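Good morning, colleagues. I would like to take a few minutes to walk through one model with you. Please have the sequence and the coordinates open as I speak.

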Amino acid sequence: MKSFASLVKLYIKSFYNLSPFLDLKKLKPAQVLKNLGIALVALLVLVNFGFLFVSVNLAMYWGLAMLGLQNLLFLVSSLTITVFVFVIGFITALSTYYINGMENHLLVLPLAPWKLLAAKFIAVYSSMAAVSMAFMITSMAIFGFYEGPKPLFYLWGFMGALLLPMPPLALSYLFLVPMMSVAGFLRNRRAVMLFTGVLGLLCAIGFNMYFQSLMSKMADTEALSVMMQNSLPLSIAAAGAYFPAGLLWKAMTVPEQAAAFIQSAANLLLCLGTSIVSIFALAGAYTRSLLGFNEESVKRLSASELKGFLGKKLKRKPVILALVDREIKNLNREPVYLLNGPFVIILLPLIMLIVFLAQKEAFLADPDSAKIIELAGSGFAMVIAAAAGAFLGSGSSIAATALSRDAKDLASIKSLPLDMGLFMFAKLVHAEIFVLLGSIVGCALVSLMFSIGFADSLTAFIMALAMASFINLAALWLDTARPKLGWTNPIAAMKQNMNSVIAILGAMGLLGLFSVAAIKFDIEKGMLLLFFGLAPILASLAALPFYKKYAVKRLAELDL
């Protein structure tokens with residue numbers, strides 16, 4: 001079992017990129033500070049999720065309490081956890097089905113197939129169990145505060161929270177393994193990442209719609225109770241069909257009775273048994289599905305096809321165009337970069353639209369919203385448009401992760417007779433493409449929302465483009481100074497890169513200062529264009545030669 005424990009540990013470290021935190025011997029002062037920064041960001045995320053869980057559980061408790069059915073809170077909570085784990089667990093299991101060729105090395109080792117699948121199952125389960133536990137603890141804390149249940153109530157709740165993720169995760173693999181064995185187009189890492197990314201975004205939008213509709217009824221307890229009453233028949237029917245949720249609910253309703261012990265024991269056997277049976281039943285098919293994963297087919301070209309291919313693909317072009325083309329292709333080749341970076345230009349406005357539509361009445365009635373509308377009507381809509389365009393233009397994280405994403409190719413690139421200043425300038429040009437797109441989308445949406453005229457919209461666009469370009473150059477400089485080079489998973493280069501976080505927070509602070517200054521000092525349009533349009537452009541142009549000189553020196557210093 002020692003090999004199995006090591007395998008579980010390996011998967012967990014690979015999934016969640018824990019090596020920089022666990023390898024204490026190699027920690028340097030800079031790495032310690034970096035880890036503390038990541039820990040603070042993680043804490044902020046946990047606080048946000050905590051607020052989300054508390055809000056959802058409070059809404060469900062109040063809605064049920066109005067009907068005198070507060071004991072059903074744990075039935076609804078159990079079903080919510082089950083649905084969430086099935087959706088997110090399915091996406092996580094799919095995205096980690098094949099990890100950067102690791103499985104190719106593991107398959108040649110004398111490991112039983114069930115160990116490979118069970119270790120991966122446990123690694124995925126660990127994060128799902130943490131979410132399940134957090135949600136259930138929130139439910140128990142709210143119910144305990146208002147109702148004062150018996151001590152065994154908490155024991156069954158903790159036990160149930162650990163067991164609930166198992167059956168939906170087993171069901172996820174029950175779908176996944178046959179699908180990956182049959183669907184040839186999914187036996188490719190890029191296709192998997194693209195599929196899971198799109199699926200994850202759709203789920204995030206769906207969950208956001210549900211949460212916002214729930215929060216919009218928080219102030220109206222009657223509407224909240226009607227919503228809960230309408231959903232109860234479905235919840236009760238689901239509990240009858242899905243035994244783990246029903247058994248947990250019954251045990252927590254009468255925690256001191258002997259029936260609760262029997263129901264909890266039955267739940268333990270059912271959830272563990274389902275997982276173990278699924279793992280042993282699917283282990284052989286799972287290992288077979290990994291054989292040949294991520295292989296690419298090679299087509300033999302005829303003479304005419306080869307001539308056309310060489311004429312199209314190996315055509316001579318200016319170096320800068322070739323380098324920018326390389327940046328675009330590299331970004332598109334790794335779906336995780338595209339979905340977690342430039343896609344924010346589409347996703348963020350979409351989420352804001354969902355929030356507005358779900359809480360339109362509450363938004364319009366809120367005094368702070370009324371002030372924003374009043375400011376927009378008094379001529380400051382142009383400032384809002386410029387800030388929105390600049391944020392979307394600089395929020396793609398393309399510049400802030402430009403060198404980090406090239407970590408695996410830098411050694412080869414440095415060996416080429418290539419101007420490194422031009423190489424880094426191509427990265428800036430690539431980032432400017434998304435600055436242009438983000439500025440257009442942000443300014444256009446706000447202009448349409450507040451009916452801004454063409455002249456003011458154009459002024460806002462120029463300011464957005466100028467400020468976003470300045471922020472992008474600063475972000476690229478930051479990533480050049482301290483690139484994240486020691487990653488094993490491409491996701492870490494962007495999603496676990498502190499440079500990206502610093503750039504986004506810096507952009508928010510800078511654009512916040514811009515908005516406050518423009519509104520507080522009532523700066524006229526011409527001066528706005530001078531200070532926040534022309535000045536950032538001149539600053540960027542002045543800094544560019546110094547950056548190129550620094551980039552060449554820094555790349556020469558990097559020890560790869």
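**Helix α20 and its surroundings**

I begin at the end of a helix: S451, the residue that follows α20, has a positive phi, near 55 degrees. Please bear in mind throughout that this is a predicted model.

Helix α20 itself covers residues 420-450, which is 31 residues. From its first C-alpha to its last, α20 reaches 45 Å, close to the 45 Å expected at 1.5 Å a residue. What lies at the start of α20? There, a side-chain oxygen of D419 comes to within 3.0 Å of the backbone nitrogen of G421.

Let me now turn to the chain as a whole. It contains 24 helices and zero strands. Of its 560 residues, 43% count as buried. If we take the contacts between residues at least 6 apart in sequence, 84% of them join residues at least 24 apart.

As for the surface, the chain exposes about 28300 Å², and 72% of that area is supplied by carbon and sulfur atoms. Which residues make the nonpolar surface patch of about 630 Å²? They are M527, L530, F531, L534, I537, L538 and L541.

Why is M527 described as partly exposed? Its relative accessible area is 32%, and partly exposed residues are those between the buried limit of 20% and the exposed limit of 50%.

That concludes my presentation, and I thank you for your attention.

How values were computed. Residues are numbered from 1 along each chain as its sequence is written. This is a predicted model: local features need pLDDT of at least 70, side-chain atom pairs count only at pLDDT 80 or more; totals for chains, interfaces and linings use all residues. Side-chain values use heavy atoms; hydrogens and water are left out. Helices (H or I, at least four residues) and strands (E, at least two) are DSSP runs, numbered from the N terminus. The expected span of a helix is 1.5 Å times one less than its number of residues. A polar contact is a pair of N or O atoms within 3.5 Å; within protein, one must be able to donate a hydrogen and the other to accept it, and residues adjacent in sequence count only if both atoms are side-chain atoms. Buried means under 20% relative accessible area, exposed over 50%, partly exposed in between (1.4 Å probe, protein chains only). Contact means heavy atoms within 4.5 Å. Accessible areas come from the Shrake-Rupley method with a 1.4 Å probe; for residues, only the protein chains shown count as cover. Patches are made of residues with over 30% relative accessible area and no salt bridge: like charges are joined within 9 Å, nonpolar side chains (Val, Leu, Ile, Met, Phe, Trp, Tyr) within 5 Å. A salt bridge is a side-chain nitrogen of Lys or Arg within 4 Å of a carboxyl oxygen of Asp or Glu.
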